Every structure is written in C-alpha cells, then in structure tokens.
Amino acid sequence: MNVNREQTFWPVVLLGVGVSAFGAFLQFKLPPVLPAFLNDYPHSADVAAGFMSVLAAVGLLASAPIGRLLERHALLWALLVGLGIATLGIALGLAAPQSGLLMLVARGLEGFTFAIFALIGPVIANAAAARRDLGLVTGLIAAWIPIGQLLAGLLALAGADWRALWIINLGLMVPLLGLALLQRRWLGPIKRPIGAMHGTKTDLGLVIGAGIFLLWSLQFFAFMTWLTKYLTGELHLSARLAIMAYLLPVVVVMLFNIVTGWWLARGLKLLPALVGALLLQAIVWLSAPWLDGIPGILMLIAFGIGAGVAPACFFHLPHHLGQAGPKAYGVLMTGRNSGVFLGPILMAWLFQGSFGWAGAAFVVAGITTLAALLALFLAPRLRRRDQGTSL
C-alpha cells in the first residue's frame, strides 16, 4: 500500500470511507431516537449519556494499541474481527434494552468495532489515493461521522424506531463485507509510503493535535448527543421536527468536510482554518440559549460550518507532519475518543444541575475557546514542516 501513486482507486477510497462511516452509524444510531427510547426505557440522563460515552471510553483505551497492531497485521482480519464484535453488541442491545448495565456492555462492544474501523478506514482510503487527490480523499475521510449520522437520522425520519436501526446496522454488514472481499488485495499488511517517517517517536504536533481534538470532540458530541432532547424538551418541537433540525448541521458538516479537504490540498492554511472554525463554534455556543426560529436555524448552519472545517484539519494534520500512518491516527483518535467520552456526560451533569441549559452552553463555549488557543501551539510545528516539504 503506497500513497505515492499516479492514479486514485476510487472503489477502495469509498471502501475506506464506508468502513469508517459504518463505525459512525454504530455510534450515532442512538441520538435521533433517544427521546423515544427513553420514553420506552426510562434510564436516567447520566446512564443515557453513558450509552454514547462508553463507545468513546473503549476507543480511548483501544485506539493507540490498535494503531500499533495495525502496523503489523492485515487489515482484512481487523475488519472481520470488528464485524464479529459488532454483531455481538447489536444482538445484546436488542435483547436487553431495559437493562442499563447490559446496554452499556452492548454499546461497549460496539465501541471496539468503532475504534477499529475509525483507524482502518482512513488507512485504506489514503493508501488508494494519488497525491493530487489526497485533499479530496482526506475530506471524504473527515466526513465519515456525518455520513453515519445522516443515514441514522434519515432512517429515523422515515419512521424507523430504535430496534429497526439496530437491525439495519446488522444488515449493513453484508454489503460492507462483500466490498471488502472484492478489494481484499488492498487489505493486507500495511506498507509504509515512500518518504514516510520510519522512527517510532510521535511528533509533538500530533500530541497537541490530539489535545485539540479532545476539546473539539467534547463540545461537538455534547451538542449532537443532546440536541434532539433539548429541542423536544426545552423548545417543545415534535420528534420529527427535532430530527430534521438535528440533520441540518449534519448535512452542512459533511459538505464542509469535503470542501475543506479539497481547499487544504490547494493552499488553504491549516492553522487559520482550524482556529477560525473553533472560534465560530464558540460564538454559536454563546448565542444558542437565546436563539430559536430563523436565527436558531442560522445558528445550526454556522455550527455545522465550523464542525465541518475542524475535523478535515485534524485528519489532514498527519500529512502535514509526515506521519500519515495508523499509529498517527491512533494518537489523534485517542484524543477524539477522550472528548467523545467526556462531552455527553459533562453536558448531562451541567444541564441537570444549577447551570441549566444556558449555563452549560457558556461552559462549553469556554472549552471551545480553549481549543482555539491550544491550536496556536501548532504554529511552529507546521511552519517547520512547511519550510521543508510541500504537501
């Protein structure tokens, strides 16, 4: 597998994006139907937050070790193991939705698959990309989360309840496995790209990037996990309108993932783009408690723009640092999963306590601003790299 090729093999790129998007669907099939699920099975808000955060907790513990293992083992075996674990998790969830403990175990099993697929998807897609298409491919990779969210939300809008979403998740394994077997020659052990860094030392820029990814993921997943609950409980929207509002920023995120990746490959500076996206989202958090109607819709669009630009920058960062391998993505995903673990739980604690929804928004706005400030520490790392090479 070698990214220094003259032609992009798009079926393999789509396989890589599809693998990661399957992982996103695993995680995000819950938020669109969360209010209805809690009506049927009245788990506390803290436990419900755990149904999302446990996937991140598993990913937090597993991403870096999985990244190291993928340096030595075939990707096809990793994909097969992931599908097997996901099958167990989905089956357990269908069998015991009334048990908070067993649902947490089920979601934890799905979290192992999520952690595996979040790493092998970008590796597969990058390996099949020509250098001239790398920015577009990176943008597609960054869109894996909104692709999974959009699929889950559209199915919920079409009338699928939570059980249907779990069963559909099982059904999606069939085409994914079929495409993987058709392209199995791409799923062997990883070969390092020509010119890639062979040392074992992790670039400090990746560690900083993981810290920013943590803070960004905290605020993004706090927002996306509880958005439908906020819209139905505080703004008294119907479940259908809440899902439609939930999907609006998701569509914008997906669009700006792809556009930003394309721009980054054509000269857009990564650091200004990332800082600007983070500050935009901080402004949205500050204004959100007082906005509904048309201003509220514009707020959702603005949030989606920032949330689309930022992850494209994160997934492009390893290329800027010359470490675009599974171990590098493992470092970044460790940061991301830390934020995904903390965000839904922190938001639940805040809005249930004396802070309320408005106070919670102010706290998360501060966290997002902190992420923008931390991003400034990437400047010398990126400047040094840009002086030596060009992407």
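The second largest cavity of this predicted model has a volume of about 30 Å³. Here a cavity is a set of points on a 1 Å grid over the protein atoms alone where a 1.4 Å probe fits but cannot get out; the volume is the space filled by probe spheres set on the points, which are joined across faces, edges and corners. The lining, meaning residues with an atom within 4 Å of a point, consists of G209, I212, L270, L274, C313, F314, L317 and L378. Helix 13 supplies the largest share of this lining, three residues. Helices are DSSP runs (H or I, at least four residues) numbered from the N terminus.

A search of the whole structure for cavities of 30 Å³ or more finds two. In the largest cavity, 14 residues form the lining, and A142, W144, I145, W216 and P311 lie nearest the centre.

The table sets out volume and lining class, with Ala, Val, Leu, Ile, Met, Phe, Trp, Tyr, Cys and Pro as nonpolar, Asp, Glu, Lys and Arg as charged, and the others, Gly among them, as polar.

| Cavity | Volume | Lining residues by class |
|---|---|---|
| Largest cavity | about 90 Å³ | 12 nonpolar, one polar, one charged |
| Second largest cavity | about 30 Å³ | seven nonpolar, one polar, no charged |

Residues are numbered from 1 along each chain as its sequence is written, and side-chain values use heavy atoms, without hydrogens and water. In this predicted model, local features need pLDDT of at least 70 and side-chain atom pairs count only at pLDDT 80 or more, whereas totals for chains, interfaces and linings use all residues.

Notes. 1 Å grid on protein atoms, 1.4 Å probe; cavity = no way out; pocket = protein on both sides within 12 Å on 5 of 7 lines; lining within 4 Å. Helix = DSSP H or I, 4+ residues; strand = E, 2+ residues; numbered from the N terminus.
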